[in-house]
Amino acid sequence: MFLLRSLIGSVRSARHSPRLTAGFVPGDDVLLDAPDERLAPALVAAALADPEPAAKLLATTRDAGEWEDRDRYVTRLATFAYSRDEWLTHWLSAAPGDPDALLVTAQLAVRRAWESPARAERLRELGPLIHTVAEGAPHDPVPWRLALDHARGAHAGPTVFESLWEQAVRRSPHHYGSHVAALKYLSAQWYGSHRAAFDFAEQAADDAAPDSLVRALPVRAAHDRLRVPPDRDPSVPEARIDRAADRALALSAVFPAGDPWPAEVRNLLAHVLVERARWEEAREEFGRIGAHATSFPWGSAQGAGRGAVREDPLRGFLAARDRVGTELARRTPLWDTGDGRAGRGGPGGH
């Protein structure tokens, strides 16, 4: 918490599935943003305009304090409601004060406002809703993570953001979503710098448990750093990017291959490894990912401003994986001459 406060001050002044084999899963078998076994039934019911399974799922996560799962489920349910919200309308009509229904509604509203050309103005209009949802959560960090995202888009100052951060970590000191929200605020794309983002991410990773996703926070900072040419910001040396990847590799190795829980972290790590031309490690990481491709980072916008083009995430994932195979094949001799020299033409070849 102290580190975030000091960094913001500087801104102011300037669970498991069966193990898969290590080989690549065929492209046709790759699943993009596949829901886990708890979320899938809720989405199926929502498609039939039935909110009850979603309501039960979120109530369970709230009562059990399963904050990481809760955060994921709220985000995914809001994403579903973005195009099909009848079930959410029914839920709110039947239980207008339900904290879970209000949280999904607020998440959806923030997303819609975020995509508006008048983003900041639309987000500021949502202030009372965000405040109501967050203040009604004495133990839940997820509404406060949403408040952090809202504050960033609404151009809230460092003092406001820091107060929201303190509320979030008071409820869950190592909540991954809240840390990601803070990292975004401190990023060079928003109100900080690449160095500030790395400082925060590395300290948070040092303080986290060995199996916490927060341990991979530096690789998110590395991903952001790799989006700009090195000569535009030399404040973060390449060695620091590689150390971030090393830390994420150590975390990934804690979980079984094919486990959906660390899928987003693994996809992000694979992306960074490809960018750093660490081909063998990238192949191993794609093997750990298995069938669980995620939209982030493969669906990141290409370009800048309103002219940015968002790449198809599954196509981006498969292209990167294929590139790894191609690069490794280029570096692998096809046959051995028997005298310690490698050959590539085969018998009689040139």
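In this predicted model, helix α13 passes α15 in a left-handed crossing, a crossing being left-handed if the near helix is turned anticlockwise from the far one by less than a right angle, and right-handed if clockwise. Residues are numbered from 1 along each chain as its sequence is written, and side-chain values use heavy atoms, with hydrogens and water left out. Local features need pLDDT of at least 70 and side-chain atom pairs count only at pLDDT 80 or more, while totals for chains, interfaces and linings use all residues.

The chain holds 18 helices and six strands; these are DSSP runs numbered from the N terminus, helices being H or I of at least four residues and strands E of at least two. Of its 350 residues, 47% are buried, where buried means under 20% relative accessible area, exposed over 50% and partly exposed in between (1.4 Å probe, protein chains only).

Two packed helices are described by the angle between their axes and the distance between the axes. Axes are lines fitted to C-alpha atoms, for helices over the stretch in contact, and angles run from 0 to 180 degrees between N-to-C directions.

| Helix pair | Angle | Axis distance |
|---|---|---|
| α11 and α13 | about 30° | 11 Å |
| α13 and α15 | about 45° | 10 Å |

Angles under 35 degrees count as roughly parallel, over 145 as roughly antiparallel, 65 to 115 as roughly perpendicular and the rest as oblique. Helix α11 (residues 176–185) packs with α13 at about 30°, which makes α11 roughly parallel to α13. Tyr176, His179, Val180, Leu183 and Lys184 of α11 make the contact with Leu217, Arg220 and Ala221 of α13, contact meaning heavy atoms within 4.5 Å. The crossing of α11 and α13 is right-handed. By their angle, α13 and α15 are oblique to each other. Here Val219, Arg220 and His223 in α13 meet Glu264, Leu268, Leu269, His271 and Val272 in α15.

Helices α13 (217–225) and α15 (263–275) are also among the elements covering the buried residues of α14, together with α12 (194–207) and α16 (279–289). Those buried residues are Arg240, Ile241, Asp242, Ala244, Ala245, Ala248, Leu249, Leu251 and Ser252. The 15 residues of α14 (residues 238–252) should span 21 Å at 1.5 Å a residue, and the end C-alpha atoms are 21 Å apart, which agrees; the expected span is 1.5 Å times one less than the number of residues.

Arg195 lies in helix α12 and, at 46% relative accessibility, counts as partly exposed. Not counting residues up to four places away in sequence, Arg195 touches Ser235, Val236 and Arg240. The C-alpha atoms of Arg195 and Val236 are separated by 6.1 Å, although the two residues are 41 residues apart along the chain.
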